[in-house]
Amino acid sequence: MTNEQNIDFVLRSVEERDIRFVRLWFTDVLGNLKSFAISPEDLEEAFEEGIGFDGSAVDGFATLEESDMLAFPDASTFQVLPWRPSEAGVARIFCDIRTPHREPFMGDPRACALRAFRKADAAGYVLNVSPELEFFYFKEDTTVKEGSAVPVPLDDAGYFDLTPEDSARDLRRDTVLELEQMSIPVEYSYHAMAPSQNSLSLRYSEAVTCADNIMTARLVVKQAAYAHDIFASFMPKPLSGVPGSALFLCQSLFDHDGNNLFWAQGEGSVHHLSELAQHYVAGLLVYAPEYTLVTNPTVNSYKRLVPNGEVPCYATWGSKNRSAFVRVPTYKPGKQLSRRVELRSPDPTCNPYLTMAVTLAAGMRGIEEGLELPPESNVTFDELEGSGAQRLPRDLGEAVEAFEGSELMREVLGDHIFEYLLAEKREEWSEYSRTVTDWELRHYYGGF
């Protein structure tokens, strides 16, 4: 549908479905979901003129002197919130943020993703992405907020377990049903590897829609858990000694006719990857240290990225090695449209819009520069050390350093987002480095 048709559909739906509150959604630079509600009577004006709000109240947006912002709803993202009452209902619409002069605001993460997507689209490429989102369920425990206890898991189940121990079955069911009511199809839902860890795999969509879906899924997971008196956490590594949570991203480029440009067979192909796909993967690998700050943005992110055979520590690729940075799933004959590569480093705390933008840009740079795909890696972590393979940042401090010197990241994100992320994450690392942890107290308090 055209934009005018989308707007007409939304206005009719609001009236026919008795929607009394329309929530305008957007994110700050760090990926936190923001919202304010308007009445249905103001919606048509919002489409035409935008709704003004105070941008200085949003992290990474604007100073007090330049605080006026406009939120323009994207009519194609309209959905009714299924957990709200059907009478006097509530709907949401994602927004594009603009300046009072109606120019795209350079601090808007969704606008950043749209710029990257449109640049690729102009070159003939459409990025499709399928995300797999991992998270933990915990018993609500106020002692965690007081900093004196660890979270309490709901169960001790493992991968794909279907046992009485998997106490989250009904909760996953409710979550999937709510997502599907919001037109977000879920391909798989299951218990993941760690105790009380769960996973949702969403169906493919183009990159910006995928980021919208990830933002929605994070809220729906928390909302459904809250309704069951459970706490859901997307913290990458909330428990010691067990695997952390990832946001796996399966990516592929299509042309405008719907052909998967990553698929190939015969001479020049590798695991049925086309030469274009090989250049794309090479770009993901070469620029990996530079965009790791975006895909793994917290101190805790690097507690997950440790050598355990399940997560990447080096910028390598492989077809069967799940510790590879990029994994190439086994090709199923006759499934050309599903030929894809899986980026395994991101975690659920990332801003999905910025993650889509920087990974697409890295892959596109690989295509533009004709980067050669290095040999496939199916070796262990110990064998990678000293092999010449590029090491990913070991902590947030190293990620900040790699990001700071990146011309590509500044180009893709723009000066506004780039400088804010750099300053914010440098301060976060500095504050963490000054903080005395429980581990230090246990090991040093009574010694020497």
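Reply: The radius of gyration is taken over C-alpha atoms, and the globule rule is 2.2 Å times the number of residues to the power 0.38. For the 448 residues here, a compact globule would have a radius near 22 Å, and the chain, at 22 Å, agrees with that. This is a predicted model. Its C-alpha atoms fill a box of roughly 65 × 60 × 50 Å along the principal axes, and buried residues make up 54% of the chain. The fold contains 14 helices and 16 strands.

The largest pocket has a volume of about 950 Å³. Its lining consists of 35 residues, and those nearest the centre are Glu132, Tyr188, Arg327, Arg340 and Glu342. By class, the lining holds 15 nonpolar, 7 polar and 13 charged residues. Strands S7 (126–139), S9 (186–191), S10 (197–202) and S13 (247–254) each contribute at least two lining residues. The largest share, 4 residues, is supplied by S7.

For context, one helix can be described as well. Helix H10 covers residues 352–369, and its 18 residues should span 26 Å at 1.5 Å a residue; the end C-alpha atoms are 25 Å apart, which agrees. Of these 18 residues, 16 are buried, so H10 is largely enclosed by the rest of the structure. At the N-terminal end, Asn351 caps H10, with a side-chain oxygen 3.0 Å from the backbone nitrogen of Tyr353. Just after the helix, Gly370 takes a positive phi of about 60°.

Key
Residues numbered from 1 in each chain as written. Predicted model: local features only at pLDDT ≥ 70, side-chain atom pairs only at ≥ 80, totals over all residues. Heavy atoms only, no water. 1 Å grid on protein atoms, 1.4 Å probe; cavity = no way out; pocket = protein on both sides within 12 Å on 5 of 7 lines; lining within 4 Å. Points joined across faces, edges and corners; volume = space filled by probe spheres on them. Nonpolar A, V, L, I, M, F, W, Y, C, P; charged D, E, K, R; others polar. Expected span 1.5 Å × (residues − 1). Buried < 20%, exposed > 50% of the residue type's maximum accessible area, 1.4 Å probe, protein only. Polar contact = N/O pair within 3.5 Å; in protein donor to acceptor, adjacent residues only side chain to side chain.
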